[in-house]
Amino acid sequence: MLTMAACTTAPFGSKHSYLSQIIAPEHQNTVFHWVDVILQQTRDQRVAPPRAAYNFAMPMAAGFLAANAITQDYQEPYGIGRGPINADPEIAYGIAFANAAAEVFQQPFLVEKSAFLKRFADGEAKSQAVDWGKKVARKVVRMRNDDGSESSEVNFYLGRYQRRQDALRWRPTGTFYSAQPGPAFGSFDRGLFPGHGKIKPWTMSSGSQFRAHEFYDPASPEFAKEFVTIRDLGGADSQIRTADQSEIALFWEDGPWGVTPPGHFIYIAMQVLQGRQYSFIEQARHFALIGMTQCDASISAWDSKYMHDILRPESAIRQRASLLGNKDSRVKRQKNWRSYIPTPPFPAYTSGHSTFGAAGAEMIALIQGHDRVSITGQSPDLVIWPQLRDIKRSWTSLSQIADENGLSRLYGGVHWELDHSQAMTAGRGIAKHAFTTMFQKKV
């Protein structure tokens with residue numbers, strides 16, 4: 001694995017390049033190249049999933065907006081204006097992308113920009129494109145100033161979401177959150193990014209547009225069923241989880257030190273969409289939509305998480321069972337229970353994994369016009385779960401991929417079933433809304 005000191009991007013063909021795992025050499029292109037740059041940077045900086053999703057959106061959007069302003073193929077709501085007629089749109093894309101990425105990753109990407117520009121002959125088309133790409137990147141960055149993404153805002157509650165006062169209130173149970181090797185989470189009261197759900201979205205009207213409905217009453221039969229299901233299925237020593245379900249739980253874990261769940265679906269999008277007869281500007285639009293909706297999926301999921309403030313299964317099973325008021329005799333404390341995969345340090349409802357997966361899979365399906373795929377995939381990163389080495393999984397539809405990804409969190413014991421089903425509805429809604437409202441073809 002690359003270290004923080006090794007900041008330059010690994011080239012296509014290197015084992016550290018994500019493209020090397022999935023892209024045939026003849027299908028490599030400018031869009032895939034720059035997406036690979038930020039996927040690697042996400043891994044190397046160990047960016048957390050919601051922040052990774054935020055970081056993906058700005059460069060993908062800036063690159064498309066710079067190129068589209070030159071080609072004038074699609075409508076856009078940001079008022080970018082018309083680019084220089086003679087400028088090369090691919091160069092403008094790369095420069096806008098890199099400069100916007102430099103802002104969100106706090107990494108200048110000087111080596112990457114220099115290597116990219118050397119691919120193109122000097123001349124007016126190049127110089128105009130470079131100037132235009134810089135200009136658009138600056139405009140996009142300014143557009144996102146004060147969008148609520150600053151650490152002083154996302155890292156704290158600041159009264160944006162009120163904590164529950166009943167037995168369902170989220171708290172980390174203890175310091176056992178770890179796997180060998182990694183990841184490990186400390187025990188603290190403030191969850192990850194309590195203010196992330198208040199960030200200004202790219203395609204939604206607000207972070208609450210696709211907010212989940214109320215969680216179950218903890219005294220209800222529905223909650224009792226959830227409790228028993230996850231206790232029996234998702235425990236470290238489960239007797240009913242199958243070998244395939246255990247593999248799925250690890251395959252989709254996508255924890256720290258890797259591409260992250262939103263990055264995994266961008267990775268899948270490149271694998272699925274390579275080799276199609278899309279023009280450069282079409283491909284740029286596709287990945288702008290994918291990146292922007294992964295960001296909005298993170299905002300939507302984190303809005304529901306902190307609005308509802310629901311405890312994780314391990315808290316209910318290990319500590320709170322007797323406080324939930326449920327008369328079902330099966331709802332009882334099991335103090336030595338442990339989730340199969342590490343329980344994340346933030347509220348359960350809804351599932352970020354399921355929201356990312358549903359949004360990503362639905363957007364890919366909308367782009368290609370159908371849900372069918374025939375692909376085999378490996379885990380993009382093996383540093384956390386080396387037992388996945390040489391393990392590959394195959395799928396015949398995008399909805400199958402999204403559902404498997406979301407169910408992995410139930411098999412791992414870290415989510416309730418309702419977390420998954422509500423998140424899938426939200427993710428699909430986010431993708432459909434964006435696809436029908438953003439970047440429509442000019443007539």
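Predicted model: local features only at pLDDT ≥ 70, side-chain atom pairs only at ≥ 80, totals over all residues.
## Nonpolar cores

In soluble globular proteins, nonpolar side chains tend to be buried together. In this model, the largest nonpolar core contains 119 residues. The residues with the most contacts inside this core are W202, I268, M270, F287, M292, I401 and F439. Helix α3, which spans residues 49-71, contributes the most to the core, with 15 residues. Another core lies apart from it and has 21 residues, including F223, V228, A316 and I317.

F287 illustrates how such a residue is surrounded. Leaving aside residues up to four places away in sequence, F287 touches V31, F32, V35, M60, I266, A269, M270 and L273.

## Helix α3

Helix α3 has 23 residues, and the distance from its first C-alpha to its last is 33 Å. This span is close to the 33 Å expected at 1.5 Å a residue. The helix is mostly covered, since 20 of its 23 residues are buried. The residue that follows α3 is Q72, which has a positive phi, near 60 degrees.

## Aromatic pairs

A pair of aromatic rings is described by the distance of the centres and the angle of the planes. The model has 24 aromatic pairs. Y157 and Y306 form an edge-to-face pair, with 5.6 Å from centre to centre and 80 degrees between the planes. This pair links distant parts of the chain, 149 residues apart: Y157 is in the loop between α7 and α8, and Y306 is in helix α11. Y157 has a relative accessible area of 15% and is therefore buried, as residues under 20% are counted as buried. Y306 is also buried, at 1% relative accessibility.

The rings of F215 and W416 form a tilted pair, because their planes meet at 55 degrees; their centres are 6.4 Å apart. F215 lies in the loop between α7 and α8 and W416 in the loop between α14 and α15, so this pair ties together parts that are 201 residues apart in sequence. F215 is buried at 9%, and W416 is buried at 0%. Elsewhere, ring pairs join W34, Y93, F97, F116, F120 and F280 into a cluster.

## Charges over rings

Two charged side chains are considered here. R144 lies over the face of W202, at 4.4 Å from the ring centre. The charged end of K441 sits over the ring of Y74, 5.0 Å from its centre.

## Salt bridges

Side chains of opposite charge can pair when their charged atoms come close. The whole structure contains 14 salt bridges. In one of them, E417 and K225 meet with an N to O distance of 3.7 Å. E417 belongs to helix α15 and K225 to helix α8, so the pair ties together parts that are 192 residues apart in sequence. E417 is partly exposed, at 27% relative accessibility.

D232 forms a salt bridge with R231, and their closest N and O atoms are 3.0 Å apart. D232 is partly exposed at 31%, whereas R231 is buried at 14%. The side chains of R393 and E404 also meet in a salt bridge, at 2.8 Å from N to O. R393 is in strand β2 and E404 is in helix α14, 11 residues apart. Both residues, R393 and E404, are buried. Salt bridges that share partners join D244, E247, R393 and E404 into one network.

Key:
Residues numbered from 1 in each chain as written. Heavy atoms only, no water. Core = buried A, V, L, I, M, F, W, Y, C linked by side-chain atoms within 4.5 Å. Buried < 20%, exposed > 50% of the residue type's maximum accessible area, 1.4 Å probe, protein only. Helix = DSSP H or I, 4+ residues; strand = E, 2+ residues; numbered from the N terminus. Contact = heavy atoms within 4.5 Å. Phe/Tyr/Trp six-rings, centres within 6.5 Å; stacked < 30°, edge-to-face > 60°. Lys NZ or Arg CZ within 6 Å of the ring centre and 35° of its normal. Expected span 1.5 Å × (residues − 1). Salt bridge = Lys/Arg side-chain N within 4 Å of Asp/Glu carboxyl O.
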